[in-house]
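Here is a friendly walk through one model, with an eye on its helices, cavities and backbone geometry. Please keep the viewer open while you read.

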Amino acid sequence: MAVLGAGCFVFLCCFSFALGTVAWKSDQNSTEPTPLVIWHGMGDSCCNPLSMGFIKKLVEEKIPGIYVLSLKIGNSITEDIDNSFFMNVNEQVELVCHVLSKDKKLQNGYNAMGFSQGGQFLRAVAQRCPSPAMKNLISIGGQHQGVYGLPHCPGESSRICNWIRKMLNFGAYKNLIQDHLVQAEYWHDPLNEELYRNKSVFLADINQERGINGSYKENLMKLRKFVMVKFLRDSMVLPDDSEWFGFYKAGQDKDTYTLQESNLYREDRLGLKAMDKAKKLEFLSVDGDHLQFSETWFNDNIIPYLK
């Protein structure tokens, strides 16, 4: 039998202790809830106690110990609200990707939940920024095929929305408007699909309308679940089918198609067809107006995806 010297014995003891410590920490981390990243909608902010602040608190109560990051785009609440109207979406997504990559609490992966336009913005994060890894994406009222109309605005934003409507009617696809007006960047004109495809600086890109970026498809397909919530009496999003990836049929603005009837699905440009067959897509609905749901509905239908 070989006899270990004192130095070797001490080394092995320390090594064994270190392995035990690593294993304990690993076990400890595995029991911690998956962090959650939230992105608010148009005219809202990260920390409004009646909206995102309430959601953050609710999730923290239902999932003790969870880390919730409610994204603030800018250095203040005022900037955050203004940027939801006027900061180029591609720049917002790039900023968020940087924030997530530097957050040590997210490095083992996170769930994401976007409200209204925050839904399609977080999808862009999933497609463009695979590290850290997004596990589940929950889009609550997100407009994944864009909008063609802006009938109502939240709260005190109605004056801004009146101006936005004028700009969209003036020329949604003019370069200056595309670069500086958020809602123009997911404006989808079914009466002029070619102009939309050529000029949309955000939505046409993430929906692979001008060509195929293989990484967009590959990254989105890494999601465990992609949950889409549609509001059946939505008075803000036209058409509300966009919340389930449907939209108006080309050349008119009355009849709509479903995700499964779309070229995007048939050609599987984003991997949604494959995800659907793998049961990674979830289609939920609420019998209410835009972002109007009860606490009970949220607890029963959304919280399970976050645990």
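Helices (H or I, at least four residues) and strands (E, at least two) are DSSP runs, numbered from the N terminus. The expected span of a helix is 1.5 Å times one less than its number of residues. This is a predicted model, in which local features need pLDDT of at least 70 and side-chain atom pairs count only at pLDDT 80 or more, while totals for chains, interfaces and linings use all residues. Residues are numbered from 1 along each chain as its sequence is written, and side-chain values use heavy atoms, with hydrogens and water left out.

**Overview and confidence**

The protein has 14 helices and 8 strands. Its average pLDDT (the predictor's confidence in each residue, from 0 to 100) is 90, and 89% of the residues score at least 70. Residues 1-28 stay under 50, and the model gives this stretch 1 contact beyond four places in sequence; a contact means heavy atoms within 4.5 Å. Where pLDDT is low, the predicted coordinates should not be read in detail. Among the contacts in the protein with a separation of 6 or more, 70% are between residues 24 or more positions apart.

Of the 307 residues in the protein, 50% are buried. Here buried means under 20% relative accessible area, exposed over 50%, and partly exposed in between (1.4 Å probe, protein chains only).

**Helix 5**

Helix 5 covers residues 117-128 and spans 17 Å from its first C-alpha to its last, close to the expected 16 Å. Because 11 of its 12 residues are buried, helix 5 is largely enclosed by the rest of the structure. The buried positions include G118, G119, F121, L122 and R123.

**Two cavities**

How many cavities of 30 Å³ or more does a search of the whole structure find? There are 2. A cavity is a set of points, on a 1 Å grid over the protein atoms alone, where a 1.4 Å probe fits but cannot get out; lining residues have an atom within 4 Å of a point. Grid points are joined across faces, edges and corners, and a volume is the space filled by probe spheres set on the points.

The largest cavity has a volume of about 60 Å³, and its lining has 6 nonpolar, 4 polar and no charged residues. For these classes, Ala, Val, Leu, Ile, Met, Phe, Trp, Tyr, Cys and Pro count as nonpolar, Asp, Glu, Lys and Arg as charged, and the others, Gly among them, as polar. Among the residues lining the largest cavity are M42, Y186, M236 and H290.

The second largest cavity, at about 30 Å³, is lined by residues including W39, D80, Q117 and F121. Helix 3 (77-86) and helix 5 are the elements that give two or more residues to this lining, with helix 3 giving the most, 3 residues. By class, the lining of the second largest cavity divides into 3 nonpolar, 5 polar and 1 charged.

**Backbone features in loops**

| Residue | Feature | Loop |
|---|---|---|
| P132 | cis bond from S131, omega near 0 degrees | between helix 5 and strand 4 (134-140) |
| P239 | cis bond from L238, omega about -5 degrees | between strand 5 (225-231) and strand 6 (247-248) |
| Q208 | positive phi, about 55 degrees | between helix 9 (203-206) and helix 10 (214-220) |

Q208 counts as buried, at 3% relative accessibility. F245 is buried too, with a relative accessible area of 0%.

Note on methods:
1 Å grid on protein atoms, 1.4 Å probe; cavity = no way out; pocket = protein on both sides within 12 Å on 5 of 7 lines; lining within 4 Å.
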